[in-house]
Amino acid sequence: MICHPSPMSARTDTAVDVARLAAWALAVSLVVTRLGLLAHELIGHGGAALAVGGHVVDLRLYAVGGGWIEYGGWAAWSSAAVGVVSLAGIAVELAVAAMLGASARRRRAGPGATALAGAAWGLAVHAGVYLVVGLADGVGDGAWAYRRLGGLHVAAAVAIAVATAAAAAVAAGRLGRQLAAMTRATTRGRRAAVVAAALALAGGAHAGLVVAELALRRDATYAAVMAPERTRAIERELAAWRARAAQAGPVTPAAEGAARRAIARAHPDRRLGPALVGLVVVAGLAGLGRALTSAGGPPRPLPRGAALGAVAAAAAAISLVIVIDVVGRALTGS
């Protein structure tokens, strides 16, 4: 007698697959971003600062978000040294991505190989996106290159955005096919639904954690680092206006507000970064969509142990970042 799974059993299997794949994807993303953060800040920026004769004076690392590092002695650096330290974090991310990609290719198919491949592509695309935003709007690590390139910064940002979008499309396509096989679904439609739901849950959870932490740990320095060049230009000009106005007498809030608005009007808010990031996101979603609608082959369901192992690794990675953050604060006395 041939037995067919009941609708209730199929729905249960689908729900379990979604939950397990979502937990695994969230855990892997946390491990990758936490270890990537440490490599970016400590090895990249910190190592480069020491190499050019500087020293670290302060450090902040978010448990699930980003972070920043402050150096001493930078006033004596050449412009080239400033550039090396500024871009070292992105360079280290790309180097680590290349090593992880090579390791993933040597492994047999399975959750481990998929996690390594996802880490490699994730770090590479993140580095590209971060550089694109920096070049486009003078944000974060790319602010130095934004200023040095002058009017060419837009062309550089667009070129790197196109390359990053192509990488995102390839990455999403390859990873999408591997993720589709990590379910018990036997039809393309059901596989696509499981993967899409799992990634949406994992992405939403990760984004929610980051937003919550940023709200709880408000940091003026981090906000200033991630502000566009337009904001810094307005603040510089406002400070100069404030100094001139103070020579004539007390500066009233109303006068300062009017000056800020006038200065802001001279610096139109024309940010290109969000549009270029949108291009990368659309390319990634297109690659994922094509992969999920064409994914076939025998299913290789994600083992429960693999999901639990990834969650344990994520907890360890978050704990490591927290410990380094606390120790860094203690050592710098901040």
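This is a predicted model: local features need pLDDT of at least 70, side-chain atom pairs count only at pLDDT 80 or more; totals for chains, interfaces and linings use all residues.

Colleague: With which residue does Arg184 form a salt bridge, and how many residues apart are the two?

Modeller: The closest N and O atoms of Arg184 and its partner, Asp17, are 3.1 Å apart. The pair links distant parts of the chain, with Arg184 in the loop between α5 and α6 and Asp17 in helix α1. At 7% relative accessibility, Asp17 counts as buried. The partner is therefore a buried residue, namely Asp17, and the separation is 167 residues.

Colleague: Which residues form salt bridges with Asp325?

Modeller: One partner is Arg217, at 3.5 Å between the closest N and O atoms. Asp325 lies in helix α11 and Arg217 in the loop between α6 and α7, so this pair ties together parts that are 108 residues apart in sequence.

Colleague: How accessible are Asp325, Arg217 and Arg329?

Modeller: Asp325 is buried, because its relative accessible area of 5% is under the 20% limit. Both arginines are partly exposed, Arg217 at 25% and Arg329 at 26%. The relative accessible areas are thus 5% for Asp325, 25% for Arg217 and 26% for Arg329.

Colleague: How many salt bridges does the structure hold, and which residues are joined into one network by those that share partners?

Modeller: Side chains of opposite charge can pair when their charged atoms come close. The structure holds eleven such salt bridges. Those that share partners join four residues into one network: Arg147, Glu229, Arg232 and Arg236.

Colleague: Why are the buried residues of α8 on the same side of the helix, and against which helices do they pack?

Modeller: Helix α8 has 18 residues and reaches 26 Å from its first C-alpha to its last, close to the 26 Å expected. Glu229, Ala233, Ile234 and Leu238 are buried in α8. They cover an arc of only 170 degrees around the axis, which puts them on the same side of α8. The helices they pack against are α3, α4 and α9.

Colleague: Which residues make the nonpolar surface patch of about 290 Å²?

Modeller: Helix α5 contributes the largest share of the patch, three residues. Leu279, also part of the patch, is found in helix α10 and counts as partly exposed because its relative accessibility is 38%. The patch is made by Val154, Val158, Val162 and Leu279.

Colleague: Is Arg290 buried or exposed, and how far is Arg290 from Ala172 in space?

Modeller: Arg290 has its place in helix α10. Arg290 counts as exposed, because its relative accessibility of 53% is over the 50% limit. In sequence, Arg290 and Ala172 are 118 residues apart, while in space their C-alpha to C-alpha distance is 9.1 Å.

Definitions and conventions: Residues are numbered from 1 along each chain as its sequence is written. Side-chain values use heavy atoms; hydrogens and water are left out. Patches are made of residues with over 30% relative accessible area and no salt bridge: like charges are joined within 9 Å, nonpolar side chains (Val, Leu, Ile, Met, Phe, Trp, Tyr) within 5 Å. Accessible areas come from the Shrake-Rupley method with a 1.4 Å probe; for residues, only the protein chains shown count as cover. A salt bridge is a side-chain nitrogen of Lys or Arg within 4 Å of a carboxyl oxygen of Asp or Glu. Helices (H or I, at least four residues) and strands (E, at least two) are DSSP runs, numbered from the N terminus. Buried means under 20% relative accessible area, exposed over 50%, partly exposed in between (1.4 Å probe, protein chains only). The expected span of a helix is 1.5 Å times one less than its number of residues. The arc is that of the directions from the helix axis to the C-beta atoms. Contact means heavy atoms within 4.5 Å.
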